[in-house]
Amino acid sequence: MLSIKNLRVSIEGNEILKGINLEVKAGEVHAIMGPNGSGKSTLASVLSGREEYEVNSGVIEYMGQDLMEMNPEERARAGVFLAFQYPVEIPGVSTTNFLKTALNQMREHRGEERLDAVSFLTLMKEKMKLVELDPTLISRSLNEGFSGGEKKRNEIFQMAMLEPKLAILDETDSGLDIDAIKIVANGVNKLKSPNNTTIVITHYQRLLNYIIPDFVHVLMNGKFVKSGGKELAYKLEELGYDWIKEEHILA
Amino acid sequence: MANKLNEIIASQFQLFENRLNGEKQLPVHKLRKDAFEALQYNGLPDNKNEEYKFTRLTTLLERSFNLSMQNATQSLTKKQIDSELIKDIDGSFLVFINGEYSKDISTIAEEHQNISIQNLSDAIKNDSECFEHYFNKTKSYENDGFLSWNTAFTETGVKISVESNKTYEKPIVLIFITDAAEQQFMGNPRILIQIGENSEITFLENFKTIGDNPSFNNLALEIISEKASRVKYIKVQDDGGNTVHMSNSMVYQPDASNISIFTFTFSGRMVRNNLNIVVDGEGCEANMYGLYWINGTTHVDNHTVVDHRKPNSISNELYKGIMNDESRGVFNGKIYVRQLAQKTNAFQSNNNILLSNDATINAKPQLEIWADDVKCSHGCTTGQLDDEQVFYLRSRGIDKDRAIGILLQAFANDIFDKTPVKELRGYLEEIVMDRLN
């Protein structure tokens, strides 16, 4: 589904990603872990099409297409979804209207009919339950005055509505208490299918207690330095990142 | 140059007086002459005038109009006029052609039958005592040259009187059709509105020019309300690209009166709105809402003054602007709180979005407070659209233009949402959708 080869990315002349390789297949859950400043969020941003990054070399192939040739809305319509680390507040635009526009634009591009008001509402109600989102929030301005937990839940709610093929969760656990993490993780797990893929970007292992990854990759200083199964995450939780650093230096 | 203009206006005034014959004996003519003399003395404001330094209206008039040309008699057909009217509003429609009230084309709603609506020239002749009582009573202490010009040439327009203790649900729509089909047009229309005690009513004003020759409307609007009256007045300015619009709107507020003025500006070559509200009573509320959403080379200048003269009143002002291409916005908002006006609450806010590198805004909030027990605030922001917000919407599959449109509409909705005539919403939305595509 997603194949990243030798990806080098810089921002304002500083190289952040220094040759990333990653293969992700449908139905898999990948976790990308790493200390602060290792380049995790940069990778998420580049995948979702943020424009302020310079891609110096490398290829990102997504479902047979060159992802770098696509603008953010084209990526979204092709099934790429980024759950933002810091969801943006948009005063004056309600979540309902925003999602209706987004969903219908996507449907139009797939050659499907627009959803009528009743079907849309039914769909929203169903998906809201999934992340236990307070129904009063969706008629309010998008993310405006939402708590940290509400914002993150709203991200997963949007994911549920838009049904992406490739979901990238960028530090979705940051700022959440354990109950909120469970709710968010539960939502993500319910959306999991053999046809879609989740990339979970996180600093801590605790989210991975609830979203069980098939693969764990450790990103450090712009490179993947170690990959393994879910047990790698436990080891990181126990020992921190230092042992990998040492191992890496020795190697 | 100003002297030359003065000479032309003087000879026009001579012609105007000759035409008036016996009407020169009416008391209103003394006011005309005073205004004419003030104008001769002060001249029209040039760019050395602080209030007009960003809006060189006088220069534009000198360059683009033949000031000594007389207006042609209007030649529009009913069909042409009909196509310019704002429709789908449940209310009365007063149609003016070149400033002259046209009863034939106008329709008065059942509800408004007891409202006195008079052609201004008739009111001057037939109702001179009443007219004199209300006319030109709100003149701004700033002595605007264009207002003097209008007053000196007062003839066309309308006088509307609303009795006391009446609440009207439906709006009165005033549509001014300007005929610039064959040649340029210059006019000085005047709207005089008198609202009786404890009455409530809504007005909607719209100017439309037919034809591509330059047109200049130098409007003066006076709203004289009595105690506990509640008035809403909406200006929708979406006239053609070769039109110049000057408006002096003057509102006088006695005790417990409530006024809301809405000013929407979308197009025109140059639009200048002076809005002066004198809060001369206690327990009053004055609301001023403005939205200028412009593109091309349109120039829009909103100058507002609220003068709090008595205690315990509220004024609330919110103007928002979106400027694209090479358009230019000017906002100047003054709040005076006089020493007597204790316990005044006065709020002002002006927010602007520039969509292109060549668009400009000059914003100047001014507070002058002489009372010590008041709550006043003002804030002014200018910026571009937030890239992060645009990206967020795009990352959910919404294309870039649509994302920008959603954000601009959200910005403007603060003002749209307050608009009292709900059918107007559709008309405004159409303009906005047009603008966004």
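This is a predicted model: local features need pLDDT of at least 70, side-chain atom pairs count only at pLDDT 80 or more; totals for chains, interfaces and linings use all residues.
1. Thr151(B) touches Leu31(B), Arg32(B), Ala35(B), Phe135(B), Asn136(B) and Arg190(B), residues up to four places away in sequence being left out of the count; contact here means heavy atoms within 4.5 Å. Thr151(B) belongs to helix 7 (residues 145-152) of chain B. Helices (H or I, at least four residues) and strands (E, at least two) are DSSP runs, numbered from the N terminus. At 3% relative accessibility, Thr151(B) counts as buried. The term buried stands for under 20% relative accessible area, exposed for over 50%, and partly exposed for what lies in between (1.4 Å probe, protein chains only).

2. Residues are numbered from 1 along each chain as its sequence is written, chains are lettered from A and ligands numbered from 1 in the order in which they are written, and side-chain values use heavy atoms, with hydrogens and water left out. The model scores ipTM 0.95 and pTM 0.91. Chain B has an average pLDDT of 92, and 98% of the residues score at least 70; pLDDT is the predictor's confidence in each residue, from 0 to 100.

3. The interface may be considered next. Chain A contributes 31 residues to the contact and chain B contributes 17 residues. Between them the two chains bury about 2000 Å², 58% of it on carbon and sulfur atoms. Buried area is the accessible area (1.4 Å probe) that two parts lose on being put together, summed over both. Across this interface 13 residue pairs are in polar contact, both residues being at pLDDT 80 or more. A polar contact is a pair of N or O atoms within 3.5 Å; within protein, one must be able to donate a hydrogen and the other to accept it, and residues adjacent in sequence count only if both atoms are side-chain atoms.

4. On the side of chain A that touches chain B, the elements giving two or more residues are helix 2 (72-77), strand 6 (80-83), strand 7 (90-94), helix 3 (95-109) and helix 5 (148-162) of chain A. Helix 3 of chain A gives the most, with 5 residues. By class, this side of chain A has 17 nonpolar, 8 polar and 6 charged residues. Ala, Val, Leu, Ile, Met, Phe, Trp, Tyr, Cys and Pro count as nonpolar, Asp, Glu, Lys and Arg as charged, and the others, Gly among them, as polar.

5. Which residue of chain A meets Arg394(B) in a salt bridge? The partner is Glu73(A), at 2.6 Å, N to O. A salt bridge is a side-chain nitrogen of Lys or Arg within 4 Å of a carboxyl oxygen of Asp or Glu. Glu73(A) lies in helix 2 of chain A and is buried, with a relative accessible area of 5%. Leaving aside neighbours within four places in sequence, Glu73(A) is in contact with Arg394(B), Gly397(B), Ile398(B), Asp399(B) and Lys400(B). Between chain A and chain B the count is 5 salt bridges, and over all chains the structure holds 33. Arg50(A), Glu52(A) and Glu388(B) are linked in a network of salt bridges.

6. Salt bridges within chain B include that of Lys30(B) and Asp34(B) (3.0 Å, N to O). Both residues lie in helix 2 (residues 27-42) of chain B, 4 residues apart, about one turn of the helix. Lys30(B) is exposed at 53% relative accessibility, whereas Asp34(B) is partly exposed at 36%. The side chains of Asp90(B) and Lys170(B) also meet in a salt bridge (3.5 Å, N to O). This pair links distant parts of the chain, 80 residues apart: Asp90(B) is in the loop between helix 4 (78-82) and strand 1 of chain B, and Lys170(B) is in strand 5 (residues 167-179) of chain B.

7. Helix 1 (residues 40-48) of chain A is largely enclosed by the rest of the structure, because 8 of its 9 residues are buried. Gly49(A), which follows helix 1 of chain A, has a positive phi, near 100°.

8. Asn221(A) has a phi near 50°, a positive value in a residue other than glycine, and lies in the loop between strand 11 (215-220) and strand 12 (223-228) of chain A. Phi of Asn98(B) is likewise positive, near 50°, in the loop between strand 1 (92-97) and strand 2 (100-101) of chain B. Asn221(A) is exposed, with a relative accessible area of 56%, whereas Asn98(B) is buried, at 13%.
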